Amino acid sequence: EERNLKSKKSSDERDTSGKKDLVYKWLDSAQELHSVLSYELYPNMTKDAARSLFSKKYNGESQGKEYEFNELEINKLFNMRDTFIDKAGFDKV
């Protein structure tokens, strides 16, 4: 049973890592969407605060700083990516 839990956790970490890679690849190529995405990701913040936090987390990850998107945020961004791609009629690769 313990092995199954470790295996599931490892599988979940790989799944999150794969999502994270896809999200960052998408964010790198869709920088004009960052403000729109920040408003959806942080709906309870002012627009300025949402953009600022989004920018800190997006740039902090690539620069090795303390700001980074957490697992919940990555999942939300991944779902936003899928929705955007579906609406635009693009391939998800």
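This is a predicted model: local features need pLDDT of at least 70, side-chain atom pairs count only at pLDDT 80 or more; totals for chains, interfaces and linings use all residues.
**Entry 1**

Trp-26 came next: its relative accessible area is 8%, so it is buried, the limit being under 20%.

**Entry 2: aromatic pairs**

How many aromatic pairs does the structure hold? I found four. I noted Tyr-24 with Phe-69, a tilted pair with 6.0 Å from centre to centre and 55 degrees between the planes. Tyr-24 belongs to helix α1 and Phe-69 to the loop between α3 and α4, so this pair ties together parts 45 residues apart in sequence. Both Tyr-24 and Phe-69 are buried. I then noted Trp-26 with Phe-84, which is also tilted, at 6.0 Å centre to centre and 45 degrees between the planes. Here Trp-26 lies in helix α1 and Phe-84 in helix α4, so the pair ties together parts that are 58 residues apart in sequence. I also wrote down one aromatic cluster, formed by Tyr-24, Phe-54, Tyr-58 and Phe-69.

**Entry 3: the core**

I looked up the largest nonpolar core and found 18 residues in it. Leu-27, Leu-37, Phe-54, Phe-69 and Leu-77 have the most contacts inside this core. Helices α1, α2 (34–41), α3 (47–62) and α4 each give two or more residues to it. I then followed Leu-77: leaving aside neighbours within four places in sequence, it is in contact with Val-23, Trp-26, Leu-27, Leu-37, Leu-41, Phe-54 and Phe-69.

**Entry 4: helix α4**

I checked the span of α4, which runs over residues 71–88. At 1.5 Å a residue, its 18 residues should span 26 Å, and the end C-alpha atoms are 26 Å apart, which agrees. At the start of α4, a side-chain oxygen of Asn-70 comes within 3.0 Å of the backbone nitrogen of Leu-72. I listed the buried residues of α4, among them Glu-73, Arg-81 and Asp-82. Phe-78 is also on that list, and the charged end of Lys-19 sits over its ring, 5.3 Å from the centre.

I found Lys-47 over the face of Tyr-39, at 5.0 Å from the ring centre. A polar atom of the Ser-29 side chain lies 3.0 Å from the backbone oxygen of Trp-26.

Notes. Residues are numbered from 1 along each chain as its sequence is written. Side-chain values use heavy atoms; hydrogens and water are left out. Helices (H or I, at least four residues) and strands (E, at least two) are DSSP runs, numbered from the N terminus. The expected span of a helix is 1.5 Å times one less than its number of residues. Buried means under 20% relative accessible area, exposed over 50%, partly exposed in between (1.4 Å probe, protein chains only). A polar contact is a pair of N or O atoms within 3.5 Å; within protein, one must be able to donate a hydrogen and the other to accept it, and residues adjacent in sequence count only if both atoms are side-chain atoms. A nonpolar core is a set of buried Ala, Val, Leu, Ile, Met, Phe, Trp, Tyr and Cys residues joined through side-chain atoms within 4.5 Å. Contact means heavy atoms within 4.5 Å. Rings of Phe, Tyr and Trp (its six-membered ring) pair if their centres lie within 6.5 Å; planes under 30 degrees apart count as stacked, over 60 as edge-to-face and the rest as tilted. A charge sits over a ring if NZ of Lys or CZ of Arg is within 6 Å of the ring centre and within 35 degrees of the ring normal.
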